[in-house]
Amino acid sequence: MRRFLVSAVLLGVVLAPSLLRAAVDNKLQNSGFEQAIGGDNNWDNTANRGIQIISGGAPEGNTFLRLNEADTVAGGFVGVFTFQVVTGVKEGDIVAFNGLVRANALDAGDEGQLRIEFRNPAGLVSASNVSVAAVSAQFSRVFVSGTAPAGVDRISFVLRIQPSNAGGGSQVDFDDMQGTINGFPVLLTAGANDSVQEAGDL
């Protein structure tokens, strides 16, 4: 009996990562930036926001997204960011957002951010965000979550450099974005793990 129990535990340890990965109900389209961005149900690709798609060297798949202050100019500048809107959220829903992030360079005071914006047709109601404030040569998974307040009907999942400056030196990479509503993973906090994420990691 003891041998059977040990075997069952070991089997559970081996299977758990794949089972958990399969359980993710990701609401985000083009979560790994493998297709062109822009348009409906996709990441925004407005000009002069420092948005780049980089091929090669991605922790997941073949491509990743880079936000690069140096790729912006002062005229018409509103920030370095992209976002994707998901509808169907209601009061009390638990929204979680996580992804792989690497800060290649950060000007003083700048941070890379994952941000959940709770919105309605009138605009922003509230927001939750997590920041990456240290330069690193490796991607790490960061996460943030929040509970939808009254009066919201949509979520804007935002990737950004904050604060940001036209022509600045900050540069942050993103890949494998996961956004869930009342689904796995539910993380009632914000932060980053301590381990480097490899291809296939949750």
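Trainee: Is Asp176 buried or exposed, and at what relative accessibility?

Mentor: First, a heads-up: this is a predicted model, where local features need pLDDT of at least 70, side-chain atom pairs count only at pLDDT 80 or more, and totals for chains, interfaces and linings use all residues. Residues are numbered from 1 along each chain as its sequence is written, and side-chain values use heavy atoms, with hydrogens and water left out. Buried means under 20% relative accessible area, exposed over 50%, partly exposed in between (1.4 Å probe, protein chains only). By that cut-off Asp176 is buried, at 14%.

Trainee: Which residue forms a salt bridge with Asp176?

Mentor: A salt bridge here is a side-chain nitrogen of Lys or Arg within 4 Å of a carboxyl oxygen of Asp or Glu. For Asp176, the closest N and O atoms are 2.6 Å apart, and the partner is Arg141.

Trainee: How many residues apart are Asp176 and Arg141?

Mentor: Strands are DSSP runs (E, at least two residues), numbered from the N terminus. Asp176 sits in strand 9 (residues 171–181) and Arg141 in strand 7 (residues 140–147), so the pair links distant parts of the chain, 35 residues apart.

Trainee: Which residue is linked with Arg66 and Arg102 in a network of salt bridges?

Mentor: The structure holds 9 salt bridges. In the network, Arg66 and Arg102 are linked with Asp173.

Definitions and conventions: Helices (H or I, at least four residues) and strands (E, at least two) are DSSP runs, numbered from the N terminus.
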